[in-house]
Structure formats: structure tokens, C-alpha cells
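Visitor: I would like to learn how to read the packing of a protein model. Could you walk me through one?

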Amino acid sequence: DFYKGLKQRDKEGMLLAMVLQIKPKPIINDYYYTTTAFYFAKMYDSSRKYAVEMADKFPADHYGHEWKFNNSVVIDTVKKDSIAVPDAIALYDFAQKDTTKFKAQYLKAVKFLGGYYFNAKDKDKAVEFLQKWKEADPADTNIEKYIEQAKKFTAYNPQSGSGLVRSGRPAPPPSKTSKPEAAPPATVKK
């Protein structure tokens, strides 16, 4: 708490990591405090490392799964080979054990996955996870328009993919005024 009070979360994380190395039987709180200290110090790789260890050593608790995902989203924004997608799926799988008790974690995972598959134009997966989001959060009336939009997807065109805002909601489609890039000139053999 000393470094936390001084807002030196990086030093707090390093000190807690050293304690973890020498403590004979660390408990989940040791991993949690180390993970969050590094996270709030914006040392996401270190934070994720301890979150992964926490999830491995305490698989019945949600903290490791959730913090692993939180770090993955910050480290690797939605890319083709994203580390956030497998971590979101792991959080989703964990939260399915009890969607009432772990509703926040379930929603976090289905919102991310719905947005990810929406942006990837994966019609079936987008609709699946957007529907789960709607079922878990019926008060959110905006989801239905995204479900309807996802149902209209055809083949994926990487040049017309839409973006994802940080809230997890899909962004509107790109404007129709943008021109496609010109193809390179063909090479003529003489």
C-alpha cells in the first residue's frame, strides 16, 4: 500500500512480484495485487503474465481469467491473430458456469466477441454473440440494429470492414463516398 499511496504502481508491482518469488505458498490475493499493480502502472505485459499464472493456479476463480482478458484487450487491439480473442473465449467459457453470478464477466466477453466477429464480417458468429449480449442485457435496445446489420453480411471484404469503438459496440459502416484504391498497372512483356 505504500507505493500505491504514492501512485508508484510500477514499484508496487515489482515489489509484489519479488514477494511472489520467495513466498512459499502464495494465495490468489498475492497474484491479484501484483496483476493490478502492473495493470495500473500500464505495464500490461507484466500484468498479463501474473494474470495468466493466477488463472492457471486458481482456475475456479474469475479474477485470473478476467484480468488476462483485460490486459489482452489493451495489449493487442482486434487483429487477425489477436490474443484478446482466445482470452475473451476463455472468459466466456468460464462465465458460462454461472451467468448470474458472473454476469459482468459474461457480458464483457460476449460484447467483445460480438463486436470482434461483427468487424470480421463473420455473420454466424456475430449474430450468435450479439444475440447472447441481447439476452443477457435486454435493457440495451441498440443491440437489435447490430444483429439485423450482421444478418445482412455476405463475403468478407477487408477494404470495407467497419471499425470497433472502445465500448465494444460496432461502429457504423464506412461512408460510401470513399473511393477504392486503383490497381497497380499491369506489366507488359516485350
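Predicted model: local features only at pLDDT ≥ 70, side-chain atom pairs only at ≥ 80, totals over all residues.

Visitor: Which residues touch the most other members of the largest nonpolar core?

Guide: A nonpolar core is a set of buried Ala, Val, Leu, Ile, Met, Phe, Trp, Tyr and Cys residues joined through side-chain atoms within 4.5 Å. Buried means under 20% relative accessible area, exposed over 50%, and partly exposed in between (1.4 Å probe, protein chains only). In this core of 30 residues, those residues are F112, L113 and L130. Two or more residues come from each of α5 (62–75), α6 (84–95), α7, α8 and α9, and α7 gives the largest share, 9 residues. Another core, of 7 residues, lies apart from it and includes A17, I28, Y31 and F38.

Visitor: How are helices defined, and which residues of α9 are buried?

Guide: Helices are DSSP runs (H or I, at least four residues), and strands are too (E, at least two), numbered from the N terminus. In α9 (residues 143–151), I143, Y146, I147 and A150 are buried. They line one face of the helix, because they fall within an arc of 105° seen down its axis; the arc is that of the directions from the helix axis to the C-beta atoms.

Visitor: What covers them?

Guide: The cover includes α7 (103–119) and α8 (123–136), where contact means heavy atoms within 4.5 Å. L130 touches I143, Y146, I147 and A150, among others.

Visitor: Is K11 buried or partly exposed?

Guide: K11, in helix α2 (residues 9–22), is partly exposed, at 39% relative accessible area.

Methods: Residues numbered from 1 in each chain as written. Heavy atoms only, no water. Lists of a residue's contacts leave out its neighbours within four places in sequence.
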